[in-house]
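Here is a short report on one model. It covers a surface patch, a helix pair and a set of salt bridges.

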Amino acid sequence: MATSTLVAAAAPPVRRALARDEWVARGGLAAVALWLVLAVAAPLWALLSKSFLDRDGRFVGLANYAEYLASPALASSIWHSLGIAVVTTGVVVPAAFLYAYALTRTRMPAKGLFGAVALIPILAPSLLQALALVYLFGNQGLLRELLLGRSIYGPLGIVIAEAVYCFPHALMILTTALATADARLYESAAALGASPRRIFLTVTIPGAKYGLLSAAFVVFTLVITDFGIPKVIGGQFNVLATDVYKQVFGRQNFETGAVVSMILLVPAVLSFLAERYVHRRQQAALTPQAVPLQPRPRPAVDWAFLGLCTLIAVPIVGLLVVAAWGSFVSFWPYNLALGLKNYNFARFETQGWLPYVNSLKMAGATALLGTALVFTGAYLLEKTRGWQPVRVVAQLLAMLPLAVPGLVLGISYIFFFNHPANPLGFLYNTLAIMVVNTIVHFYTVSHLTAVTALKQLDSEFEAVSASLRAPFYRTFARVTVPVCLPAILDIAVYLFVNAMTTVSAVIFLWAPHTRLASIAVVYMDDTGQQGAAAAMAMMIFYTSAAVKLLHLLVARVLDRRTQAWRRR
């Protein structure tokens, strides 16, 4: 007996043969990891290596960096970018905080309307705000005298346009931070006799500090990496984003373009890491026992915040109205007759409406393929087991795109897919490469959305399926996908709208037959055809707004039909 026990203890563990569906799961996981390596890691490695080479492909170490920093004109772009980002962050975050406070902590009327108005800038390319500012305060602007001799072309125009563009992003974060407050803290403070001002300073601000920091990092990153607004209204005021464009397209100096891209990556990565740290602390600060705060009517405060929100909402709507109006003006400022001439894009573009059609194709393919890829990848990472090293690499690469600016991703795709030895080079100059680039650019947020939805599903689904010998892909198709349909729809709409409005990620990848609507806006504005540029930008807005409205309707139906199990 003792001998047999010792033999059994010394014997190696018996390895269980993998079932068929486990092989399928591992194959799918390997495919997801390979896709992320080819679409994320390999292009970034190509960019990094390019910054250490000269034009003949010889390794030169840090010589390209030294040459760039030795040029006062080029190095000043770093300080310009940092200055613009800091000032815009200082303007946007307090305004967004007050707006979010009004939406979550007051009983002011028309909250839904103000919430919807604040999200308008997300539905249009960032260039739209810049075009509207040119109509108002440009050299031939309607309100040019209000600037008292200052020019809108430069830091002033960039800050104003970036503030409008970034406002909804900061608002969404701060609305979430303020909406998750614990009412018990306020009740305790009131019971102790604290004044409203003291409660605001000792309870509200500390409770929202992580949201404030997170919003600040997001706005800072958006501004320092944005290309469209400085291109349209920046004038001679150079920033890092426009430097990359000038080096690559203007001078065909790809090595310096790679250097500037790597420099642009540094603040974005630091901001990303800080935002992730703050996000984790914010989640840890919330407890399941928290009681939602229900604001009480305070007429004076409610009306004061209504006035404040009106002051912020009017410029947002005003810029949209001005851009829409400018798109119908025949020839600004000499012929103000209204008409549809600017929408006849064949007069301004050799490709006519093709850029808009290309945008629809690209956005549709991005939404369909991206949603399938993101959700399936998230499922394989979250709900299957085995191959832990591959899983860790895939999870890391899924999070990496959030720290990579669109311009950096775009130029890295040039170096990787245009390399003569790359067998995937056939994708270059096609819509397909822009679909891949856009999916990667917005991959992380979509992935996190999918993971959040999957985490809400009890793991017992997979356990019961395994006990019934049902393969995981049958459970995925018959249980997981139907239950997660609202989140899947959110991902699809998010990818579609961002694909319609993106500029920086695809500005380096278009060919004449694949030009997108957002890129056509840049080039129409460059050639002085501002009416046509505004018309094309408004077409993007109309399309995004229509898709968003359709999303709200479909989401309501889906919620009623597939989410009844969540309600008691």
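Where is Leu146 found? Leu146 sits in the loop between helix H6 (127–137) and helix H7 (155–179). Helices here are DSSP runs of H or I with at least four residues, numbered from the N terminus.

## Basis

This is a predicted model: local features need pLDDT of at least 70, side-chain atom pairs count only at pLDDT 80 or more, and totals for chains, interfaces and linings use all residues. Residues are numbered from 1 along each chain as its sequence is written, and side-chain values use heavy atoms, with hydrogens and water left out.

## Nonpolar patch

Leu142, Leu143 and Leu146 make a nonpolar surface patch of about 290 Å². Patch residues have over 30% relative accessible area and no salt bridge; nonpolar side chains (Val, Leu, Ile, Met, Phe, Trp, Tyr) are joined within 5 Å, like charges within 9 Å. Areas come from the Shrake-Rupley method with a 1.4 Å probe, and for residues only the protein chains shown count as cover.

Leu146 is exposed, at 60% relative accessible area. The classes are buried (under 20%), exposed (over 50%) and partly exposed in between.

## Helix crossing

Helix H4 (residues 72–105) and helix H10 (residues 209–225) have axes that come within 8 Å and cross at roughly 140 degrees. Axes are lines fitted to C-alpha atoms, for helices over the stretch in contact; angles run from 0 to 180 degrees between N-to-C directions.

H4 and H10 are therefore oblique to each other. Angles under 35 degrees count as roughly parallel, over 145 as roughly antiparallel, 65 to 115 as roughly perpendicular, and the rest as oblique. The crossing of H4 past H10 is right-handed: the near helix is turned clockwise from the far one by less than a right angle.

## Salt bridges

The whole structure holds six salt bridges. Each needs a side-chain nitrogen of Lys or Arg within 4 Å of a carboxyl oxygen of Asp or Glu.

Arg58 pairs with Asp54, with the closest N and O atoms 3.1 Å apart. Asp54 is buried at 16% relative accessibility, whereas Arg58 is exposed at 53%. Arg58 also bridges to Asp56 (3.2 Å, N to O). Asp56 is exposed too, like Arg58.

Glu255 and Arg55 form another bridge (3.9 Å, N to O). Glu255 lies in helix H13 (residues 254–285) and Arg55 in the loop between helix H2 (20–50) and helix H3 (63–70), so the pair ties together parts that are 200 residues apart in sequence. Glu255 is buried at 6%; Arg55 is exposed at 59%. Lys50 joins Arg55 and Glu255 in a network of salt bridges.

Terms used: Helices (H or I, at least four residues) and strands (E, at least two) are DSSP runs, numbered from the N terminus. Buried means under 20% relative accessible area, exposed over 50%, partly exposed in between (1.4 Å probe, protein chains only).
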